[in-house]
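Welcome, and please open your viewer. We will go from one selection to the next, and at each stop you can look at what is there.

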Amino acid sequence: MTKFDMIVVGGGPGGYVAAIRAAQLGMKTAIVEREHMGGICLNWGCIPTKALLRSAEVLHNMKHAKEFGLKADNVSFDLEAVVKRSRGIAKQLNSGVKHLMKKNKVEVFEGEAKLTGPTSMTVKKDGKEIASISAKNVILATGARARELPHLKADQELVWTYKKAMTPDLTPKKLLVIGSGAIGIEFASFYNDLGSDVTVVEMMDRVMPVEDAEISKMAEKMFKDQGMIIVTEASVEELKKGKNNVTAVIKKKGKTEEVTFDRVILAIGITGNVENLGLEEVGVKVDRGHVVTDEWCSTGVKGLYAIGDLTGAPWLAHKASHEGVICVEKIAGVDGVHPLNKGNIPGCTYCRPQVASVGLTEAKAIEQGYKVKVGRFPFIGNGKAIALGEVEGLVKTVFDAKTGELLGAHMIGAEVTEMIQGYTIGRELETTEAELMHTVFPHPTLSEMMHESVLDAYGKALHF
């Protein structure tokens, strides 16, 4: 048995970052990955989907070239080339992670890990054992996968999950997306821009239900203006597969309707990869498909930790990476380590228009007993937005009326996923409206709207 100071199981953004940090702190480190270094995010999620969405965005802009005084006639796309670009970017970054492992002297085991004890395991590849390893500490970072329901299962031919939706062999003429969270809406936006007739079915009373209600309402209107059909407070009861299409039985307010689509994308959540790890045998608690941990990522079993999507919401790469660093530094006894404040984790959705948020929604803040001051500033009031031709959008800020604490920020519109970090830093620094008001924002930029939204919360907006 080969012994290490740290073994990380899973090479995604949580796992490989944890391995790098452990190596930086002088630990003899190993990482086990069964498929692709970089995990789902780099290979099949965050990065390649953004490449697809960028192609769709460029296509959309080319179709509207005339509005910018430009000529672009007979604009079209090559689906195979769009997918090839996306896969090429994923491959490039996959190679980059492998280089980082080598640079930091992290030993890589390619295969499937199974715990034989709290901090020991075997690694198998193609059914054959290739290694038996142990460590002082083990971090599980095995991630998650698309959730399915008994009556909603993917075959990757007619009914797709995200992997097939990223490598399609055709552009569906009619597409059904089940679920309007980040994954569902991003794919709905991508295929809608490619010309598919997209229908989105959501069980909750609004699309993107984790977002602020005002932002969700605005997003739904903009999606509908783009031609999408949005069906909320509805469920898909059955998928009847034909030779080359699927008929969905959609139930809304007690009434059912059958609608036929070329393809269906399932985006109904994700579940942790907890199977075949030997978790039960070593005493790890699993709740509803996710490993239970404390604030320091400990499973309660000595020497065994878990991070990232495996441990539940929010299912975000940046949350996983940050947890990986916190976990390793706590184990190493680094001074100044503190638990992750999930209230300061920004969420981003890269549809068109983009949506980004951090902290409490207005409704959640009121529910928690805060008396709030709310500021808003629309894109139409911003010179840079008008110059970009991106006049639809909103920046919304929520403050504690008593203390001036920034409770939450919510945005919809062009490039808001790049802007949200300003408010995230503000929350981490426990800023109040005073500091934000005194901050000088550059002109002309979209970020000026962040300043104006703060001013508006206190009746001081200057440009609208």
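Which residues in helix 7 are buried? Keep in mind as you look that this is a predicted model.

**Stop one: helix 7**

Select residues 213–225, which form helix 7. This helix has 13 residues and reaches 18 Å from its first C-alpha to its last, close to the 18 Å expected at 1.5 Å a residue. Now colour Ile215, Ser216, Ala219, Glu220, Met222 and Phe223: these are the buried residues of helix 7. Turn the view to look down the axis of helix 7; the buried residues fall within an arc of 170 degrees, so they line one face of the helix.

What is on the face turned away from that buried side? There you will find the exposed residues Lys217, Lys221 and Asp225.

Next, visit the two ends. At the start of helix 7, select Asp212: one of its side-chain oxygens reaches to within 3.0 Å of the backbone nitrogen of Glu214. Following helix 7 is Gly227, with a positive phi near 110 degrees.

**Stop two: the neighbours of helix 7**

Show what the buried residues of helix 7 pack against: helix 6, strand 11, strand 21 (355–359), strand 23 (394–400) and strand 24 (406–412). Two of these names, helix 6 and strand 11, lead on to the next stop.

Bring up the open sheet of 5 strands, in the order 8-15-9-10-11, with parallel pairing. Its edge strands, strand 8 (159–160) and strand 11 (229–231), each pair on one side only. Zoom in on strand 10 (residues 197–201), which runs parallel to strand 11 and is joined to it by 3 bridges. Within this pair, Val201 has Val231 in strand 11 as its bridge partner.

Helix 6 lies across strand 8, strand 9 (174–178), strand 10 and strand 15 (263–266), and runs at about 165 degrees to strand 10.

**Stop four: Thr199**

Stay in strand 10 and select Thr199. Is Thr199 buried or exposed? Its relative accessible area is 8%, so Thr199 is buried. Show the residues that Thr199 touches beyond four places away in sequence: Leu175, Leu176, Val177, Ile229, Val231 and Phe261. Among them is Val231, the bridge partner of Val201.

**Last stop: a hairpin**

Finally, select strand 12 (residues 234–241) and strand 13 (residues 246–252), which pair in the antiparallel sense over 7 bridges. A hairpin of 4 residues joins strand 12 to strand 13. Across the pair, Val236 stands opposite Ile250 in strand 13.

How values were computed. Residues are numbered from 1 along each chain as its sequence is written. This is a predicted model: local features need pLDDT of at least 70, side-chain atom pairs count only at pLDDT 80 or more; totals for chains, interfaces and linings use all residues. Side-chain values use heavy atoms; hydrogens and water are left out. Two strands pair if DSSP finds at least two bridges between them. Helices (H or I, at least four residues) and strands (E, at least two) are DSSP runs, numbered from the N terminus. Contact means heavy atoms within 4.5 Å. Axes are lines fitted to C-alpha atoms, for helices over the stretch in contact, and angles run from 0 to 180 degrees between N-to-C directions. The expected span of a helix is 1.5 Å times one less than its number of residues. Buried means under 20% relative accessible area, exposed over 50%, partly exposed in between (1.4 Å probe, protein chains only). The arc is that of the directions from the helix axis to the C-beta atoms. A polar contact is a pair of N or O atoms within 3.5 Å; within protein, one must be able to donate a hydrogen and the other to accept it, and residues adjacent in sequence count only if both atoms are side-chain atoms.
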